[in-house]
Amino acid sequence: MLDSSQYSSRRQEQKDKMNDVKLAVLGGEGTGKSESIYSKHLYLEGKQLNLEIYDPCSQPQKAKFSLTSELHWADGFVIVYDISDRSSFAFAKALIYRIREPQTSHCKRAVGSAVLLVGNKRDLCHVREVGWEEGQKLALDNQCQFCELSAADQSLEVQMMFTRIIKDILTNFKLKEKRRPSGSKSMAKLINNVFGKRRKSV
């Protein structure tokens with residue numbers, strides 16, 4: 001049985017863990033991504049967050065991909081495609097399907113993860129190959145957020161994009177915390193299962 005100090009320590013550990021946000025940025029070659037790992041402390045909605053952004057080397061679009069490590073690591077995903085390159089949109093679609101497919105249910109965290117689909121290079125509208133409506137439909141069909149922007153020119157929009165997905169992740173954290181039964185309720189349920197319901201005293 002935990003004493004009060006151990007209980008407080010464990011609760012604090014859980015709280016600190018909730019404030020860790022891990023985000024994976026995925027997309028094909030030439031979508032405007034670069035290989036990087038970022039760590040940043042920021043305040044959002046009155047909370048201090050430890051943000052980690054994993055941006056792996058852009059995946060070759062013709063290669064077989066599994067995303068196994070990303071699915072287990074990330075709390076949310078930003079999927080990027082180039083609006084002037086239809087093949088990058090097809091690859092983004094495959095990434096989303098991989099994240100959402102039932103076969104990944106062994107990684108329950110991935111199926112319900114926050115996902116933001118981003119159409120990059122909006123400044124190349126004159127050579128657009130993927131319509132805004134197509135991106136919006138793909139996002140709606142797969143319970144994703146969606147936006148278009150030009151990452152190279154619109155730093156404020158990029159910042160807003162990350163704020164948007166982080167808020168979705170925090171919402172998921174809150175929902176999971178509400179679904180988790182408290183220790184006292186779990187113990188009461190265990191006792192009832194073993195000994196039967198408590199009888200009223202006479």
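Colleague: Why does Phe146 count as buried?
Modeller: This is a predicted model, so the value is computed from its atoms. Buried means under 20% relative accessible area. Phe146 has 7% relative accessibility. Therefore Phe146 counts as buried.

Colleague: And Trp132, how do you know whether Trp132 counts as buried, partly exposed or exposed?
Modeller: Trp132 has 41% relative accessibility. Partly exposed lies between the 20% limit for buried and the 50% limit for exposed. So Trp132 counts as partly exposed.

Colleague: How many aromatic pairs does a search of the whole structure find?
Modeller: The search finds 3 aromatic pairs. One of them joins Tyr81 and Phe89, with 4.9 Å from centre to centre and 70 degrees between the planes.

Colleague: What makes Tyr81 and Phe89 an aromatic pair, and of which kind?
Modeller: Ring centres must lie within 6.5 Å, and planes over 60 degrees apart count as edge-to-face. With centres at 4.9 Å and planes at 70 degrees, Tyr81 and Phe89 are therefore an edge-to-face pair.

Colleague: Are Tyr81 and Phe89 buried or exposed?
Modeller: Tyr81 has a relative accessible area of 0%, so Tyr81 is buried. Phe89 is at 5% and counts as buried too.

Colleague: Why is the pair of Trp132 and Phe146 given the kind it has?
Modeller: The centres are 5.7 Å apart and the planes stand at 65 degrees. That angle is over 60, so this pair is edge-to-face.

Colleague: What does the pair of Trp132 and Phe146 tie together?
Modeller: Trp132 lies in helix H5 (residues 132-141), and Phe146 lies in strand S6 (residues 145-148). So the pair ties together parts that are 14 residues apart in sequence.

Colleague: How do H3 and H5 lie to each other?
Modeller: Helix H3 (residues 86-100) and H5 pack at an angle of about 10 degrees, with axes 11 Å apart. Angles under 35 degrees count as roughly parallel. H3 and H5 are therefore roughly parallel to each other.

Colleague: Which residues make the contact of H3 and H5?
Modeller: H3 brings Arg86, Phe89, Lys93, Ile96 and Tyr97. H5 brings Glu134, Gly135 and Leu138.

Colleague: Which residues touch the most other members of the largest nonpolar core?
Modeller: That core has 23 residues, and Val78, Val118, Met161, Phe162, Ile165 and Ile166 touch the most other members. Among the elements that each supply at least two residues are strand S4 (76-82), strand S5 (114-120) and helix H6 (155-179). H6 gives the most, with 8 residues.

Colleague: Which residues does Ile165 touch?
Modeller: Leaving out residues up to four places away in sequence, Ile165 touches Leu23, Phe77, Val78, Ala114, Val115 and Leu116. Another core, of 21 residues, lies apart from the largest one. Leu71, Tyr81, Val115 and Ala139 are among its members.

Colleague: What makes Lys121 and Gln143 stand out in phi?
Modeller: Neither is a glycine, yet Lys121 has a positive phi of about 65 degrees and Gln143 one of about 50 degrees. Lys121 is found in the loop between S5 and H5. Gln143 lies in the loop between H5 and S6.

Colleague: How do Lys121 and Gln143 count by relative accessibility?
Modeller: Lys121 is at 24%, between the 20% and 50% limits, so Lys121 counts as partly exposed. Gln143 is at 61%, which is over 50%, so Gln143 counts as exposed.

Terms used: Residues numbered from 1 in each chain as written. Predicted model: local features only at pLDDT ≥ 70, side-chain atom pairs only at ≥ 80, totals over all residues. Heavy atoms only, no water. Phe/Tyr/Trp six-rings, centres within 6.5 Å; stacked < 30°, edge-to-face > 60°. Buried < 20%, exposed > 50% of the residue type's maximum accessible area, 1.4 Å probe, protein only. Helix = DSSP H or I, 4+ residues; strand = E, 2+ residues; numbered from the N terminus. Core = buried A, V, L, I, M, F, W, Y, C linked by side-chain atoms within 4.5 Å. Contact = heavy atoms within 4.5 Å. Axes fitted to C-alpha atoms, helices over the stretch in contact; angles between N-to-C directions. Parallel < 35°, antiparallel > 145°, perpendicular 65-115°, else oblique.
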